[in-house]
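Here is a friendly walk through one protein chain, feature by feature. Keep the viewer open as you read.

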Amino acid sequence: MRTEEYADPLADLDWSLEAGTGAHHSADGFVRVRGARENNLRNVDVAVPRDAIVAFTGVSGSGKSSLAFGTIYAEAQRRYFESVAPYARRLIQQGHNPKVETITGLPPAVALQQRRGTPSSRSTVGTVTTLSNSLRMLFSRAGSYPAGASPLDSDAFSPNTAAGACPECHGLGVAHTVTEATLVPDPSLSIREGAIAAWPTAWQGKNLRDILTHLGYDVDTPWRELPKKDRDWILFTDEQPVVEITPQRDRVAKPYKGKFWSAKSHVLHTLADSKSNTMRERVLRFMETGPCRRCSGSGLTPEALAVTFAGRTIAELNAVPMAELADIIRPTTELNDASTASRKLSSGEGNEVAVAITRDLLQRITVLLDLGLGYLALGRSTPTLSPGEMQRLRIATQLRSGLFGVVYVLDEPSAGLHPADAEPLLAVLEQLKSSGNSVFVVEHNMDIVRHADWLVDVGPRAGEGGGEVLYSGPVAGLAAVEASVTRPFLMPDGSRGGADTGGADDGGDTGGGDRTGGRGADGTEPDSSDRTGRRREPGAWLELKDISRHNLRGLDAAFPLQVLTAVTGVSGSGKSTLVSHVLAEVVGSELHGDAGSGGTGESTEDQPVVDGDPGAPLSVGTVTGLHHVDRLVTVDQKPIGRTPRSNLATYTGLFDAVRKEFAATDEARARRYGAGRFSFNVAGGRCEACQGEGFVAVELLFLPGSYGPCPECDGSRYNPETLEIAYRGKTVADVLGMTVDAAAEFLRDVPAAARSLQTLREVGLGYLRLGQPATELSGGEAQRIKLATELQRARRGHTLYLLDEPTTGLHPADVRLLMGQLQRLVDAGNTVVVVEHEMDVVAEADWVIDLGPAGGDAGGEIVASGTPAAVAGSPDSRTAPYLASALNSPSAR
């Protein structure tokens, strides 16, 4: 859509200048995009000001990210790479060339995108911010060494390098070991009776026993009575003698060569080489995991741990909060009589190098302190951080860079932030702008959008129903754009009714149902001013006593069942630890036995996927109420697949029904085509030229590689013979190319597929194509696909649903659809617990548990619990004023 079709205040300016001659365009202070066609963008023309905060809004899938990142940032990146020497380009991972006619007035750009992949356990706060590099250099050049010790290079202080990693745990700080107690749980048994539980069963176990007999070991005496020397050799030796064995029970003696494996060797070999998950899970039960005894969990060598600064090792400085670290190094920064650095001295703490490094460290740490992250330690593992904490760490890194005249393109910078944490973010954005930069933010948080200088609203719907710029101009001007789904959520006095994101015709069930009021655990009565009316009454309670993990210390928590509970609190207060880690592990262990073994009797999809810190022990006292829960389901924003072969149709299972329908046609039966013939993942029906992917990669050596439709199948994924089979006039490739909305009508007579498609529409995903690769889906879309998959399942007793910040990445209109489905789950008698920062969602909950009062060691306490109205009135809660505002907003009445 051209900019002339909306009220563009710059429509009278000249668009005629050719690319490369845009001096006038550069001088007028605008970035001008012409003919953008990336993804679903419809030949978009738009102009946005430089040196301003520009917000890009629209429902999920509308095309706003395609415009901001896929077009503007991608073009800036492409132009930068053109200035790099051709040989150097080969060493850099390059992006794609955006589909756009011209962009003028475009400065260099820096992107801060959401990273939804699973972070490594080796990644820490220090590595993300690069503060660890400076700290290692400080110890290398200015540390106090033992007498006679040689100075170490900075790599020797890193657990992620060969020079610095502890040889026992390889730098992880966590050791996985086997002990006699784990390998032989019942020492009263003999080897023949199965004392060595870690050994394989059946013939393999008999083979090992026969080898021991041949070697002269007693297999009939109780294990505890064997000599310790024999026990240690059988369990832990690395020797693998090969002996000739003659089976005693065979009718005909058939000697064979048998190789001995100790119990430890068998366990480690199975973990390293076995392709069977069952076998791997079995031997995992015989291992103990805990802090490495050799390095005390630091992951470093003894030589590195012998060096100190300010009387502490680098492991100790990595473990203290950054606020304390700043106090430790501050005295060095204030030295005025620093000596000259010399490698001949055993300590360099007072030299000029120490002063220079600590001053730089302190400046960089101060930026993090200003963003409220002083409670984090440099050694904190990133898998244990909340999304909001990760966002602020990345933003702080850019603040320190001091760049001028660039465009910062930020992907939902407020994602994962509590409203109290979002306020400093606004100051950060203003600081970037005042430093001479342009700030382009893709954002769903209306409070952030209201503070922008300029607004670009993309829509009106998602997917094929979007891709148009509905409005570009000052924020207040959106009030006149009736087609905008964003408008009613942005305007304080606007109505939120009637917002349609292109899902099911009826927008899905909005929840509700009969709400019977009841007295809460704190004795409070439901307040008539609550935005959803009277609250549901808990059917029972799930109580956990004396919880200890991370910053939760001796915490008692009670979760009401058969209601919707929102767990709130500032970033780092312990919300995710309590819900996604502790609650998930406790309930998972009860339902599935050993939570790490894969469980029994349930599919692994139903089990919690916990990215906890393996070095953080969990301690829980008394747990009551578990008998009320029959199933546990976690719904997160992790990708539904890591390759383009995984898509919406395969993940939800509806493609199985589609393939069966094609296989049941007369022509397919005549050719003896089974359902597998219509899979693009196996040989037979797929196009072998592209291996069923539908596209081929073209490497251009010095230029960015590009992808194009496969020339053999034209992107259909299938060979010509398979495409000759039609179901109701459509090929299987045609069906994969349909949107959910179109497929719902086409497959209405296929019950298994129709049920899946209906739930997908109800969560607002009617715009997605069935064959859309998983790698193209946003985190919010992936989460709703998982929720839809769960909604279509047959109900099996009382289910506990755990969701960690489910509204992250969702437009307010999409949040309404999501909440409708969550309310449906509760109305069906289930329990939903959400960790949430969006106050509109919290206001719709039946019960609220607020953690705080701050983050890190200053958090980990339940400061308020009760109905939303009760928590909104708490004087101790930082959530209270924001929740009260949501309850009193015009849309709450």
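Is D51 buried or exposed? With a relative accessible area of 53%, D51 is exposed. Please keep in mind throughout that this is a predicted model.

## D51 and its surroundings

D51 sits in the loop that runs between strand 2 and strand 3 (53-57). In sequence, D51 and V439 are 388 residues apart, yet their C-alpha atoms are 7.3 Å apart in space. Setting aside neighbours within four places in sequence, D51 makes contact with K433, G436, N437 and S438.

Of the contacts between residues at least 6 apart in sequence, 69% join residues at least 24 apart. The chain has 893 residues, and buried residues make up 53% of them. Its secondary structure comprises 31 helices and 26 strands.

Which strand pairs with strand 2, and in what sense? Strand 1 (residues 30-36) does, in the antiparallel sense and over five bridges. In this pairing, F30 stands opposite P49 of strand 2.

Helix 13 (residues 322-333) is twelve residues long. From its first C-alpha to its last, helix 13 reaches 16 Å, close to the 16 Å expected at 1.5 Å a residue. M322, L325, A326, I328, I329, T332 and T333 are the buried residues of helix 13. They lie on the same side of helix 13, because they cover an arc of only 165 degrees around the axis. The elements covering these buried residues include helix 4 (125-129), helix 5 (131-142), strand 10 (308-309), strand 11 (312-313), helix 12 (314-319) and helix 14 (352-370).

M322 also belongs to the largest nonpolar core, which has 140 residues. Together with L393, L654, L747, L770, L822 and V832, M322 is among the members that touch the most other members of this core. Leaving out residues up to four places away in sequence, M322 touches V125, L131, I365, L368, L369, L373, G374, L376 and L378. There is also a second, separate core of 28 residues, and V33, A68, A76 and F440 are among its members. In soluble globular proteins, nonpolar side chains tend to be buried together.

## Cysteines without a bond

How many disulfides are there? The count comes to zero. C166 is in no disulfide, and the nearest cysteine sulfur, that of C169, is 3.9 Å away. For C169, the closest cysteine sulfur is in C295 at 3.7 Å, which is too far for a bond. C166 counts as buried because its relative accessibility is 1%, and C169 counts as buried because its relative accessibility is 3%.

## Backbone features to check

Some backbone angles deserve a look, and the table collects them.

| Site | Feature | Angle |
|---|---|---|
| G459 and P460 | cis peptide bond | omega about 5 degrees |
| G852 and P853 | cis peptide bond | omega about 5 degrees |
| S296 | positive phi, not a glycine | phi about 60 degrees |
| E412 | positive phi, not a glycine | phi about 50 degrees |

Where are these residues found? P460 is in the loop between strand 14 (454-459) and strand 15 (468-473). P853 is in the loop between strand 25 (847-852) and strand 26 (861-866). S296 is in the loop between strand 9 (288-291) and helix 11 (302-305), while E412 is in the loop between strand 12 (407-411) and helix 16 (419-434).

Are S296 and E412 buried or exposed? S296 counts as exposed, because its relative accessibility is 64%. E412 counts as buried, because its relative accessibility is 8%.

Conventions:
Residues are numbered from 1 along each chain as its sequence is written. This is a predicted model: local features need pLDDT of at least 70, side-chain atom pairs count only at pLDDT 80 or more; totals for chains, interfaces and linings use all residues. Side-chain values use heavy atoms; hydrogens and water are left out. A disulfide is a pair of cysteine sulfur atoms within 2.5 Å. Buried means under 20% relative accessible area, exposed over 50%, partly exposed in between (1.4 Å probe, protein chains only). Helices (H or I, at least four residues) and strands (E, at least two) are DSSP runs, numbered from the N terminus. The expected span of a helix is 1.5 Å times one less than its number of residues. The arc is that of the directions from the helix axis to the C-beta atoms. Contact means heavy atoms within 4.5 Å. A nonpolar core is a set of buried Ala, Val, Leu, Ile, Met, Phe, Trp, Tyr and Cys residues joined through side-chain atoms within 4.5 Å. Two strands pair if DSSP finds at least two bridges between them.
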